[in-house]
Amino acid sequence: MRNTKGIKRLLRISACLAGICALLTMKQNNQEDFMLLYTKANTVASPETTTFETEADVITSVVTTESAVLAENQTGWHENADRERYYIDKSGKKKIGYFKVSGSHYYAKKNGMIVTDQWKYIKIDGRKYKLYFGDNGKQKQNVSAILGEQKQYRLEVNIQKNVVIVYAKDENGEYCIPVKAMICSCGVPGHSTITGNYSYLRKTGKWHTLYYGTYGKYCTRISGPYLFHSVVYSRNGDDYSLYADEFEKLGKAASHGCVRLQVKDAKWIYNHSSKCSAYLYRDNKQLPLKKPIAADLVELENGKVCDPTDTDVN
């Protein structure tokens, strides 16, 4: 009888300690979190709802309960009862607004739950953008299929970062929807790419002669000698005469002033040139889309190479 009373006394003390530990570990995010931990603590401390066979069971239960409470505040992704997701940062708080995790951006409402399958207006470095967040909450990097074909586009070339972003208008007529990004190569020092606004682009040919005996594919004129075009080739009309070393420079300054692109991107601009205006500029502000990575070159058995994005190549 004396031993049974000792176990019950230990039960009550241990359960109470577990409840206190749960409350002390609480991060004061909101009332919902408080009530959740409060309910857990009371459930642990209640002799009517908890039964133990031995003193060892009491100790194990206390350890398990504390670990469960701590897990709710651990850094990472969590899900509520409605299967809405939220992210806990290193301070133990829910992320709010526009944030980045593992290379992808998300947007969380004031209650911390991320938005899915919807557009949101976001300010980045002082500029407003309309961005789309998919079914997994990640910001979409290409919304062409969602938007459909547009009447007008604006090409913004960040010369400093060697990235082109295609923009579409929102319902207010502002070019604030980043449709997709293209990796590019702008001019090297001494052969700077021009800056400014250019409202009229025109095709100069599927193949066009460039400087120093080289050729470009899907060439679109910005102004004067400055073009959007593919990486350079050594022979006119030969898809397999691509300069491999120049292709591998995409994403860095490499041209003599033109904007070099992968063939698929040069072709898109070429085919949409009548709908496009261009703005070329230099700054180091955050872009609304990730900088793409160039595709891996295709090398043939005879040593020739071709642009892997070129649909004209069999």
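Let's start with a pair of residues: Asp 310 and Lys 217 are both buried. Their side chains meet in a salt bridge, with 2.7 Å from N to O. This pair links distant parts of the chain, since Lys 217 sits in strand S12 while Asp 310 lies in the segment after strand S17 (305-306), 93 residues apart. Before I go on, please keep in mind that this is a predicted model.

How many salt bridges does a search of the whole structure find? The count is 13. As a general point, side chains of opposite charge can pair when their charged atoms come close.

Here is another one from that set. Lys 130 and Glu 171 join through their side chains at 2.9 Å, N to O. Again the pair links distant parts of the chain: Lys 130 belongs to strand S6 (residues 127-133), and Glu 171 to the loop between strand S8 (163-169) and strand S9 (175-185), 41 residues apart. Are these two buried or exposed? Lys 130 is buried, because its relative accessible area is 13%, under the 20% cut-off. Glu 171 counts as exposed, because its relative accessibility of 57% is over 50%.

Now for Arg 235 and Asp 238, whose side chains form a salt bridge at 2.9 Å, N to O. Arg 235 counts as partly exposed, at 40% relative accessibility, and Asp 238 is buried, with a relative accessible area of 18%. There is also a network to look for on your screens: salt bridges with shared partners join Lys 206, Lys 217, Asp 239, Asp 310 and Asp 312. So our opening pair, Asp 310 and Lys 217, belongs to that one network, because shared partners join them.

Next, please find Arg 221, in strand S12 (residues 215-223). Arg 221 is buried but has no salt bridge. Where is the nearest side chain of opposite charge? That is Glu 246, and it is 19 Å away. The side chain of Arg 221 does reach the backbone oxygen of Gly 224, at 2.3 Å. Leaving aside neighbours within four places in sequence, Arg 221 is in contact with several residues, among them Tyr 200, Thr 204, His 208 and Tyr 226.

Last stop: the largest pocket, which holds about 400 Å³ of space. Its lining has 22 residues, and those nearest the centre are Leu 210, Tyr 211, Tyr 212, His 256 and Cys 258. Strand S11 (202-209), strand S13 (226-230) and helix H5 (244-247) each supply at least two lining residues. Which of them gives the most? That is S13, with three residues.

Technical notes:
Residues are numbered from 1 along each chain as its sequence is written. This is a predicted model: local features need pLDDT of at least 70, side-chain atom pairs count only at pLDDT 80 or more; totals for chains, interfaces and linings use all residues. Side-chain values use heavy atoms; hydrogens and water are left out. Helices (H or I, at least four residues) and strands (E, at least two) are DSSP runs, numbered from the N terminus. Buried means under 20% relative accessible area, exposed over 50%, partly exposed in between (1.4 Å probe, protein chains only). Lys and Arg count as positive and Asp and Glu as negative; His and the chain ends are not counted. A salt bridge is a side-chain nitrogen of Lys or Arg within 4 Å of a carboxyl oxygen of Asp or Glu. A polar contact is a pair of N or O atoms within 3.5 Å; within protein, one must be able to donate a hydrogen and the other to accept it, and residues adjacent in sequence count only if both atoms are side-chain atoms. Contact means heavy atoms within 4.5 Å. On a 1 Å grid over the protein atoms alone, a cavity is a set of points where a 1.4 Å probe fits but cannot get out, and a pocket is an open set with protein on both sides within 12 Å along at least five of seven lines; lining residues have an atom within 4 Å of a point. Grid points are joined across faces, edges and corners, and a volume is the space filled by probe spheres set on the points.
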